[in-house]
Amino acid sequence: MKAGCLQPRPAVVVFVINLIIHTSCHLADLQICHTCNGTLLNDTVVGRFCSSSDGRVEGRCCFQNLNSSTTVHVIGLDLSNCSLDQIDDLQDASTAVVIDLSGNPIVNISDFVFQGCSALNEILLPTNLLCPGGNASWESIAVSEGSVICRGQKSMCNETRHMTLFCPENSCCAPNGPGFFSCRCIDGYHGYKCRREGEFPFIQVFAPIGVGMVMLSILLWVVQRRKVKTN
């Protein structure tokens, strides 16, 4: 029986993740959260979820907060009635729990758009579209008020982790979005196909990335401040 998946050092990981997420949220706020005009309304599906989750509204996004001033990540995205005819990328909202794409003239959407959205628990789509991953990826599928509603994402990895049979040695199955799974290294292994034994060098790898993202955040802030002063 395989050991549990690799659990990195909490303090280092939390520090690095906070740096990365903080920068990512600023970028998401400039991109996907303002894909169309308007702001998230309280009486919508995403709006009600955001209110019940004590989230923070930015454009069409709902962000989760660590405290009253720190944005963490997108937990809700409402792009309903935005006249969108295609959706190519939702990676900025891959942490979303609820996504509303209803009311758009979307003809087709690839399941790969939702790859990595392992936290997604509810999605609203135009009635001509199917739930990503098919019926087997959701607890329930219904049609209501002109939308297809997919609820309760199912994990491709069951309790016995039978999907681990498809993963390399020294790894185990992990959910990776509707219809998708990934292979994560077990304790004591890392690297390509989990062949390297020992702890992953988080500080050596992520410290430069974290510093770079902090510098990028500062640069973006300075540029935005200059634009505000110019205007």
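**Charged pairs**

I looked up E58 and found it partly exposed at 23% relative accessibility (buried is under 20% relative accessible area, exposed over 50%, partly exposed in between; 1.4 Å probe, protein chains only). This is a predicted model, in which local features need pLDDT of at least 70, side-chain atom pairs count only at pLDDT 80 or more, and totals for chains, interfaces and linings use all residues. Residues are numbered from 1 along each chain as its sequence is written, and side-chain values use heavy atoms, with hydrogens and water left out.

I found three salt bridges in the structure (a side-chain nitrogen of Lys or Arg within 4 Å of a carboxyl oxygen of Asp or Glu). E58 forms one with R56, with closest N and O atoms 3.2 Å apart; R56 is partly exposed at 31%.

D78 forms a salt bridge with R60 at 3.9 Å between the closest N and O atoms. D78 is buried at 3% relative accessible area, and R60 is buried at 11%.

R151 and E122 form a salt bridge, the closest N and O atoms being 3.4 Å apart. I noted that R151 lies in strand 7 and E122 in strand 5, 29 residues apart (strands are DSSP runs of E, at least two residues, numbered from the N terminus).

**Strands 8 and 9**

I checked strand 8 (residues 171-175): four of its five residues are buried, so the rest of the structure largely encloses it. Strand 8 pairs with strand 9 (residues 181-185) in the antiparallel sense over five bridges (pairing needs at least two DSSP bridges). C173 has C183 in strand 9 as its bridge partner.
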